[in-house]
Amino acid sequence: EVYFKNLSKQKQKEVMEKNGNNHKLRVCVATCNRADYSKLAPIMFGIKAEPQFFELDVVVLGSHLIDDYGNTYRMIEQDDFDIHTRLHTIVRGEDEAAMVESVGLALVKLPDVLNRLKPDIMIVHGDRFDALALATSAALMNIRILHIEGGEVSGTIDDSIRHAITKLAHYHVCCTRSAEQHLIAMCEDHDRILLAGCPSYDKLLSAKNKDYMSIIRIWLGEDVKTRDYIVALQHPVTTDIKHSIKMFELTLDALISFNKRTLVLFPNVDAGSKEMVRVMRKKGIEHHPNFRAVKHVPFDQFIQLVAHAGCMIGNSSCGVREVGAFGTPVINLGTRQTGRETGENVLHVRDADTQDKILHALQLQFGKQYPCSKIYGDGNAVPRILKFLKSIDLKEPLQKKFCFPPVKDNISQDIDHILETQSALAVDLGGTNLRVAIVSMKGEIVKKYTQLNPKTYEDRLALILKMCVEAASEAVNVNCRILGVGISTGGRVNPREGIVLHSTKLIQEWSSVDLRTPISDALHLPVWVDNDGNCAALAERKFGHGKGVENFVTLITGTGIGGGIVHQHELIHGSSFCAAELGHIVVSLDGPECLCGSQGCIEAYASGIALQREAKKLHDDDLLLVEGMSMKEEEVVSAAHLIQAAKLGNTKAESILRTAGTALGLGVVNILHTVNPSLVILSGVLANHYVNAVKDVINRQALSSVKTVDVVVSNLADPALLGAASLVLDYTTRRIY
């Protein structure tokens with residue numbers, strides 16, 4: 001770590017020397033509207049905080065300077081930034097022609113400003129028509145351009161504008177791995193792409209604990225409670241203005257019918273916005289007792305409002321991007337954000353053509369709470385961007401180079417991102433130990449923590465949170481980017497809600513426990529929970545013998561007997577989340593009693609607990625120890641002693657193990673006759689002792705059509721942790737779980 005820090009400092013020093021020892025990078029940040037300022041402001045604060053490296057010039061244009069849109073340039077002044085130039089560039093009319101004329105007016109005015117400022121680099125954000133004018137002017141005047149949020153996909157003309165700016169820009173800061181891959185596919189220079197995350201997330205992830213009730217009361221009234229109001233923000237779709245106005249009308253009708261206090265923000269300056277405002281006034285929204293209609297809310301206050309709302313509705317990118325950081329439910333209407341990556345908090349209503357459809361979406365989403373999502377950032381974007389700016393060599397040729405296929409795998413010249421690894425936090429909640437690990441995409445356990453599992457619910461949950469926070473902090477030091485948390489636990493689990501419904505007798509006081517919410521709230525990460533047997537199957541599917549196999553079964557042979565069933569590449573949970581309780585397949589009507597209360601279960605014969613019980617019986621009758629064996633007086637009799645005795649020729653121990661292997665084999669035969677897998681994987685500490693016995697029973701007892709099944713022993717060292725990690729890695733990268 002010290003080596004790489006010194007290497008980075010040396011590189012920055014070399015760049016400073018190349019650029020001239022006393023030369024500071026002159027950065028021009030141009031902001032056009034309230035939305036792009038929320039992304040640019042954190043970068044501006046970062047630049048301003050390092051005057052030894054940068055000089056900052058701020059140019060304000062677009063709807064910032066229009067009263068109908070809140071004169072939002074004032075919030076820039078309130079943030080104590082000196083505005084170098086104000087350019088009135090908006091031609092009123094709010095139609096397609098006015099947008100074109102506004103771009104033309106900006107192109108006329110910008111050259112004089114850029115000639116006076118002579119910036120080394122201009123920072124341009126996003127996909128607005130004003131930003132296209134900025135990028136065009138800078139490119140034609142040989143000024144380097146850093147484009148924020150390129151490579152993303154959405155609806156309307158914004159897509160075309162965003163990609164056009166990408167082609168003009170020299171450097172790119174993107175927010176997601178997919179956006180980065182899109183930029184690479186567009187033949188942009190790999191070394192000039194930085195995967196940093198969204199700058200606004202640097203503020204969002206630390207914002208939720210502030211005093212929010214006073215803000216809610218200011219904007220929505222004294223009698224409003226948290227999670228009991230709606231924030232609505234809808235913009236015109238410039239490629240289908242007539243339909244977007246109709247959709248806005250239906251949205252307002254649905255909100256009126258839903259009868260909840262609602263904060264409605266005026267739309268942006270795009271073509272069609274004037275007609276949308278007319279719809280608001282026609283329906284009396286500004287005077288309706290349930291509605292508050294406003295032109296602008298300061299960003300610091302806006303994020304508090306959406307963080308504690310019962311729901312957000314509309315088609316703003318804020319809904320599918322920033323709001324996910326709080327887990328607030330979102331209803332995304334229409335096609336304006338088609339293609340955006342979203343968290344599970346977003347419900348899409350692509351064809352919002354009836355009031356009933358929108359009303360039904362409100363009924364489904366309002367008041368829910370989802371896991372916090374970090375798809376668009378982890379709160380460290382600004383330091384990465386500043387480091388990237390410092391690495392720019394002004395003596396490099398200005399002419400862009402395009403990297404045509406084949407593309408390379410490396411993602412950035414930033415050493416942190418070259419070394420960063422997509423990873424998961426894996427938690428194994430066992431009967432004895434609680435384990436947490438950082439697991440890489442390739443299944444490598446980078447770091448592991450183990451503690452004794454506390455006996456009480458409160459202590460257990462507190463320890464899980466403590467260990468997860470510690471592991472998440474350590475992930476930064478080992479250059480791992482944590483995508484989420486996966487938890488493996490015994491018992492019956494509802495994976496959709498992240499709730500342990502009933503646990504095993506090994507883990508007491510663990511019933512109807514919501515594991516997802518407290519851990520997600522503490523870490524600001526999505527959380528998945530599943531049964532340990534299912535996790536073992538997922539581990540095999542991603543890292544083990546089950547990789548690429550369509551139908552297979554995993555059997556865990558350890559303290560208990562469990563497992564998971566994968567059918568057509570998907571894990572089977574069952575209607576009440578009780579599928580694959582393989583240890584409780586009954587193989588004898590009058591067999592030994594099982595911990596579940598039944599008799600003759602596989603677990604009552606073949607589990608570690610069952611073997612320990614039989615070993616104790618032999619030991620009590622002085623029939624366990626044979627020549628070559630010895631036990632200390634205080635040593636506890638275990639299954640291992642039974643296995644050792646059998647290996648040394650103890651016929652009674654051999655008989656017990658043979659019966660256990662037969663019971664397990666009969667259970668496997670039942671599984672083969674029920675789900676007909678092509679592969680059976682035995683996992684756990686007893687797997688090697690049972691594999692041959694299971695094969696023998698299959699040959700004797702199974703139908704000829706299933707005798708060809710492969711029975712193998714797992715080669716995974718830690719299936720519980722790897723399976724918990726698979727919950728995260730499969731979902732966040734492929735969306736298949």
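Two strands are said to pair if DSSP finds at least two bridges between them. Helices (H or I, at least four residues) and strands (E, at least two) are DSSP runs, numbered from the N terminus. The model is predicted: local features need pLDDT of at least 70, side-chain atom pairs count only at pLDDT 80 or more, and totals for chains, interfaces and linings use all residues. Residues are numbered from 1 along each chain as its sequence is written, and side-chain values use heavy atoms, with hydrogens and water left out.

**The sheet**

- Six strands form an open sheet with parallel pairing, in the order β10-β9-β8-β11-β12-β13.
- Because β10 (291–294) and β13 (346–349) stand at the edges with a single partner strand each, one side of each has no neighbour in the sheet.

**Strands β11 and β12**

- Strands β11 (residues 311–314) and β12 (residues 330–333) run parallel and are joined by three bridges.
- Gly314 stands opposite Asn332 in β12.

**Helix α5**

- The 12 residues of α5 (residues 129–140) reach 17 Å from first C-alpha to last, close to the expected 16 Å, which is 1.5 Å times one less than the number of residues.
- Buried residues (under 20% relative accessible area, with exposed over 50% and partly exposed in between; 1.4 Å probe, protein chains only) of α5 include Phe129, Leu134 and Ser137.
- Among the elements covering the buried residues of α5 are β1 (25–31), α4 (96–117) and α6 (158–168).
- Just after α5, Asn142 takes a positive phi of about 55 degrees.

Note on methods:
Contact means heavy atoms within 4.5 Å.
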